[in-house]
Amino acid sequence: MIAQKHPWISRKVADEVYARIITANNAPIIYLVQAPAGVGKTYLARDIGVRLGSPTGYEPARQGKVAWSGILDIYDPDTNSNQGIERRLMEAFSQTGFEFDAYREARSMYDIWFKGGIVGSSLEEQRHKVEVAFAEGLKAAAAQHLLVMAFDTIERLESALDPLQQAYPEGDTASVIDWLIFQITQLEKGAVLLLGRQTSHFYQKLCAALEKAGRPAPELLNLGALDDDEAQDFFADRAQRYPQAARFLDEDLKTLLLERTAGNPLLLDLALLSLVESQNPRFVRQALEEHHDLREVEKALLKAYMDAFNKSERQTLLRYLTVARSGLFAELLQVLEPSHAPTLLAELEQMETLPFVKMRNISVSVPEQETRIPRRTYFLHDAMYALCDEVWLTPGEVKDVSQKILNWYNAQIEKSPKDNDLLVDSLFYRMRADPVAGYQWYLQQADQAIRSAHTGLDMRLRDAMGLFRVSASPDSSADPGQSLSSRIDCDNVAVLMPEIFDNFRLDSAILWMKRYMIRGKTNLAVKIGADELPWAENLFECDRRRYWLAFAEFLLWYGQATMYAYQIDGAMKLYDRVIELIRALYPDVASEETWAKLSDFERWRLSLTLGRTYNNLGYTRWMYKGQYHLALQDFQQAVRLFRIAGLQIKSLEEELANTNDNMGRVYAVVGSEFQAIQLIKKGLEIRKALELTYRVALSNNSLALALNRFGRVEQALKTVNDALIHFRRTQVKRGIGLGLLTRGMIYRNMAEMYEELNIAIQDALKYAESAETDFGEAMRYFSDVDEPIRGVQVLNEMACCHRSRYLLLRHSKASKNEQDMAFIQGRTYFRQAIELARKHNYLIDELDSMQDLTVLLTRARNYGEAENYLKDIRAKIPEQYVIQPGRGLEKIPAEECVDVFYKLLGQVELLEGAIVYEKGKLEAVGHAVSDDELERAQPTHEAWLETARHYLLAVSYFNHYATEAFVRSLTFARIYKRFEKCDSLLVRDIRDYMSRQAEEYKLSPELMRDLFRDVFGLFEL
């Protein structure tokens, strides 16, 4: 065997692995080394690392053409995340400094995006670009050196999996396990050492991924007990290392040691250290002879070791090392033992040579700086944690020490609230100090991380909670060397939070639905909701009080996933069920008295669940159902809930901003200018304060839409251009598409308002061309976005743009060929919009596009086709919305009323009035005339009366839909344009006729009198 510079545990397989590495060809070599705890996996990796030039194996090194990564322990605080591993590998492998430039740029863009509030498929695509760019960086580094990467304690990858990850095989490269598998499959040459306890799930996934990538399968090495030769080398080495114990190591004792420890090097070292400290083999022999079960031998040897020495400092440090799972370091010792910290630190440095103590230079961030510095941090060997917990720590001790450590972390978090390492590293101590409070803290932090798209933090928190769950799970392994279970955590949870396992599964489903929706993977979110619903319902029925709020939140996110999948009716049923559940639990949910009785966590969960439900319900009614007044009531309920709960939680602040924005948009739809502008601006202010730059741009886009709605086009154009600048800078397709759609609508409006804006027709045509360009570009961006309603909107707006251009071309006396082209293009796009709306069952958008097409047909004097479309629209609107002679307008319950039907019927009446008017002129003329002559012509007496009837009905419908001021903006221009030409002799006839119509249709005569008296003087004072 090759002579070693360090007292490793000599394993024959090290020679084989080393030889394969240094003689490697261009094909990658992957070793998966599996073994129980304490057998020497880490020493194996350190041995190879030293041979490749690393001082102790832990540090990166280069030797000839080989570059060693150092040992990256998946459990260490600075390498338990994708980004942490990436950082360490770049430090180890980047030679020129340029290999990972593309990665750094992609990572920086990703960070900017999620910090700015960007979510959805665009952000997920950027995250994938990051991992691809890192793989390319490794390839560039591999062109210069043979890369050798070592990953230790990989069983943590499997142990950290939550129930949903285990149930669903889909890879999620946001987690370390799938990120690592992806990087390995991309590796073209080099070597990878994966070391850990048994990892069947990880191994199967890795093999499947490599096979799919056309790469050779990993070589599986099951490292077992020392064989005879290795045992002799071990005892020879330890005799030199521990001369004090050598005189006791007779052949009998060696045989007993090997037999009882099953050749486990860690247990052998523990026994030898007991000999060193006690100078008496009696304690060790007794521990070995009295026990045959390996688990009991472990306990006995640890007790023998602790009884063997008299140093209280070492006992104290071992206790702290056992509790400090995220590592023990000088600052923590100062908190734990302020008067003895220097003495303990000196002793801790002496303990570095112990085989079960590990020292790492952990990379930590510096407050208010972007730099990181190494911190000397100490850990126990993984096998020692559970063993020490079981042998000589009590739950009370662990709880007290964990609380002291947690106090230190909380103080640091207060100083550096954006240091995610502190949040993650503190979670284990929170769970040990108070599992209920710790778990509630975890749910809030995870929710905030997910919904702010902070994927790295979310995954690290999830992993940390998953590892605690494993630690608190009763051990089912027959081999103690494979167990990660802690008696302390099992007992602690059994007493304080026995329901944690069911909670974790239910909350796991909730969190994964959120994750997938934030990442734009709606289909997976819906699948989880559907698959887990029966189990969640059963859990709720078993203990309704305990799971009431959690089950309600499950239904909320399942409903949102269903809504995102455009199953609108199913989503609304789930939202209604959430409200019903919470109202049953809290009948007076909006009262201050109810909220005063709740804990902070209950207040947060209740406000988030019910507030978000009302917000989503309002959004659904607005966007898909046309129930605008009901939507406003829902949004108002959401705002009240968010405000009652308090806004100290950032996620609720963004919820409030989102609801204000939505509510402002709906107020714009129904014509309430002041509320619309003020609410959107309020949401904008909140998002600016939160520094969510992408969402600020979304608010500016909403503000531009509202300003355009109220004719403030210059201000709207400036606002949307500000939004578009940011959308383009971030390169988010959906954002750019929304901005272009909005700007196109503004340009189109400016083209149609050319007379009010006092601009020439040719300039108006240029605005129409600009609108057409924006709509065409928006269509290309939305083609990559899974949001079909945007496709309907763009097609409709493109059609409306051609409709506007058609009218302008007519007014400018353009050639008939130009006019016909605009007409054909407009009709084509309208029909495409109608077909797409029908395909996705968007009835409101279908009818809206049909109405818009009818306007184009009317302008082109295709009255017959226009009337057919109007009949079709009427046929698709329920009869109870139609004003009937002798009955008037039926009273529809508020919760059932679809406001947009009144708007559509009003538009239908306006169009029918226009058609009757134009046909009346043709009938009056009686022969072909020029357009100018026809424009000056007057309709027949009957057409005047029938036109007035349609306009009267239109005003009545609109008054059920919008504010009076907005009704006038919708109707006065059209009505006045025609009635200003009314012969004075007809005034009395029209007045009398309209009075009779108002009586016949049961309409408000006062409304009618005010409307026509104010503008046209048709009624006497």
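Predicted model: local features only at pLDDT ≥ 70, side-chain atom pairs only at ≥ 80, totals over all residues.

Q: What's the mean pLDDT of the chain?
A: The mean is 88, and 95% of the residues reach 70 or more.

Q: And where is confidence lowest, and where is it highest?
A: Helix H47, residues 1005-1016, has the lowest, with a mean of 63. Helix H41, residues 863-876, has the highest, at 96.

Q: Which residues stay under 50?
A: Residues 1-5 do. For that stretch the model has eleven contacts beyond four places in sequence.

Q: Switching topic: how many helices and strands are there?
A: The chain has 47 helices and eight strands.

Q: What does the C-alpha trace span along its principal axes?
A: About 130 × 65 × 45 Å.

Q: How many of the residues count as buried?
A: Of the 1021 residues, 60% do. As for the accessible surface, the chain comes to about 41,000 Å², and 49% of that belongs to carbon and sulfur atoms.

Q: Which domains does the assignment give?
A: Domain 1 covers 12-224, domain 2 covers 419-516 and domain 3 covers 521-647. Domain 4 is written in two pieces, 882-891 + 907-1016. Taken over C-alpha atoms, the centres of domain 3 and domain 4 are 46 Å apart.

Q: Can we look at single residues now? Is Leu-194 buried or exposed?
A: Leu-194 counts as buried because its relative accessibility is 0%, and the cut-off for buried is under 20%. Leu-194 belongs to strand E5, residues 191-196.

Q: What does Leu-194 touch, not counting residues up to four places away?
A: Its contacts include Ile-30, Tyr-31, Leu-32 and Val-33. Phe-151, Ile-154, Leu-180 and Ile-184 are also among them, as are Phe-202 and Leu-206.

Q: And how many Å apart are Leu-194 and Val-925?
A: They are 91 Å apart in space, C-alpha to C-alpha, and 731 residues apart in sequence.

Q: Now Asn-82: buried or exposed?
A: Asn-82 is buried, because its relative accessibility is 12%. Asn-82 is part of helix H3, residues 82-93. Leaving aside neighbours within four places, Asn-82 is in contact with Thr-173, Ala-174, Ser-175, Val-176 and Trp-179.

Q: Where is Glu-170?
A: Glu-170 is in the loop between helix H7 (163-167) and helix H8 (176-186). With a relative accessible area of 31%, Glu-170 is partly exposed.

Q: Which residues is Glu-170 in contact with, beyond its neighbours within four places?
A: Lys-205 and Leu-524. Glu-170 and Leu-524 are 354 residues apart along the chain, yet their C-alpha atoms are separated by 9.3 Å.

Q: What about Lys-733 and Ser-121, how many residues apart are they along the chain?
A: They are 612 residues apart, and 9.2 Å separates their C-alpha atoms. Lys-733 sits in helix H36, residues 733-752.

Q: And what is Lys-733 in contact with?
A: Past its neighbours within four places, Lys-733 is in contact with Ser-122, Glu-125, Tyr-781, Asp-784 and Val-785.

Q: Last topic, backbone angles. What's phi of Gln-279?
A: Phi of Gln-279 is near 55°, a positive value in a residue other than glycine. Gln-279 is in the loop between helix H13 (265-278) and helix H14 (282-289), and at 31% relative accessibility it counts as partly exposed.

Q: And what is phi of Lys-1002?
A: Near 60°, again a positive value in a residue other than glycine. Lys-1002 lies in the loop between helix H46 (987-1000) and H47.

Q: Is Lys-1002 buried or exposed?
A: Lys-1002 is exposed, because its relative accessible area is 54% and exposed means over 50%.

Conventions: Residues numbered from 1 in each chain as written. Heavy atoms only, no water. pLDDT = per-residue confidence, 0-100. Helix = DSSP H or I, 4+ residues; strand = E, 2+ residues; numbered from the N terminus. Contact = heavy atoms within 4.5 Å. Domains from an automatic or database assignment. Buried < 20%, exposed > 50% of the residue type's maximum accessible area, 1.4 Å probe, protein only. Areas by Shrake-Rupley, 256 points an atom, 1.4 Å probe, with all protein chains shown as cover.
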